[in-house]
Amino acid sequence: MAKRILSAFLAIILSFSIIPAFSGQAQAAKVGYDYQQALAYAKKHWNDGKGLCAEFVSDCLKAGGITDVYERECENLYNQLLAQNWGTAYKLKLTGGTRDRILMADNASKVQKGDPVFFYCNSCHEFTHVVLCNGADANGYMVDYAHNNPHNGR
């Protein structure tokens, strides 16, 4: 009986030790990520013609303090951020209509300023684009910085 109680106690203790990795808490703050620095870089360099979308967002993240991330492909960047435990992936809720948009209020617990947002193509089954969230416009829709295309105000 004592062995069962001890085994149960150890199982509970061990399960608590692995919970933080799966808690859903963003880990970027632990490495000193400063989203304001990332956005300042994005604002200054969105139209400099260097690199593609994943390279641009990698550079923004580096400017914000995540210094050992660098990728040129969206899927690789996505996987690298998760593998380093710098964040948690969520599916964002889109509004309906002729052009789906991301309402920040509907996704407040999922996306914030300075977060990378990856777009997945259902028909080709891969990530096709990544942007850096820049908050919301006056209507509450997410605006972003993207390579050679600031979507601010859309």
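Okay, cysteine 124: in this predicted model that residue comes out partly exposed, at 36% relative accessibility. Cysteine 133 is another story, buried with a relative accessible area of 0%.

Now, the inside. The largest nonpolar core has 22 residues, and the ones that touch the most other members are Leu61, Leu77, Val130 and Leu132. Where do the residues come from? Helix H2 (35–45), helix H3 (53–63), helix H4 (74–83) and strand S2 (126–136) each put in at least two. H3 gives the largest share of this core, with six residues.

Let's zoom in on valine 130. If you skip its neighbours within four places in sequence, valine 130 is in contact with Cys53, Ala54, Val57, Cys74, Leu77, Pro116, Val117 and Phe118. There's also a second, separate core, made up of eight residues, and Val117 is in that one, along with Ile102, Met104 and Val111 among others.

Last bit: charges. Side chains of opposite charge can pair when their charged atoms come close. Here you get one salt bridge in the structure. Which side chains meet in it? Aspartate 59 and lysine 62, at 3.7 Å, N to O. Both sit in helix H3, three residues apart, so about one helical turn separates them. As for accessibility, aspartate 59 is buried, at 15% relative accessible area, while lysine 62 is partly exposed at 32%.

That's my tour, happy to take questions.

Methods. Residues numbered from 1 in each chain as written. Predicted model: local features only at pLDDT ≥ 70, side-chain atom pairs only at ≥ 80, totals over all residues. Heavy atoms only, no water. Buried < 20%, exposed > 50% of the residue type's maximum accessible area, 1.4 Å probe, protein only. Core = buried A, V, L, I, M, F, W, Y, C linked by side-chain atoms within 4.5 Å. Helix = DSSP H or I, 4+ residues; strand = E, 2+ residues; numbered from the N terminus. Contact = heavy atoms within 4.5 Å. Salt bridge = Lys/Arg side-chain N within 4 Å of Asp/Glu carboxyl O.
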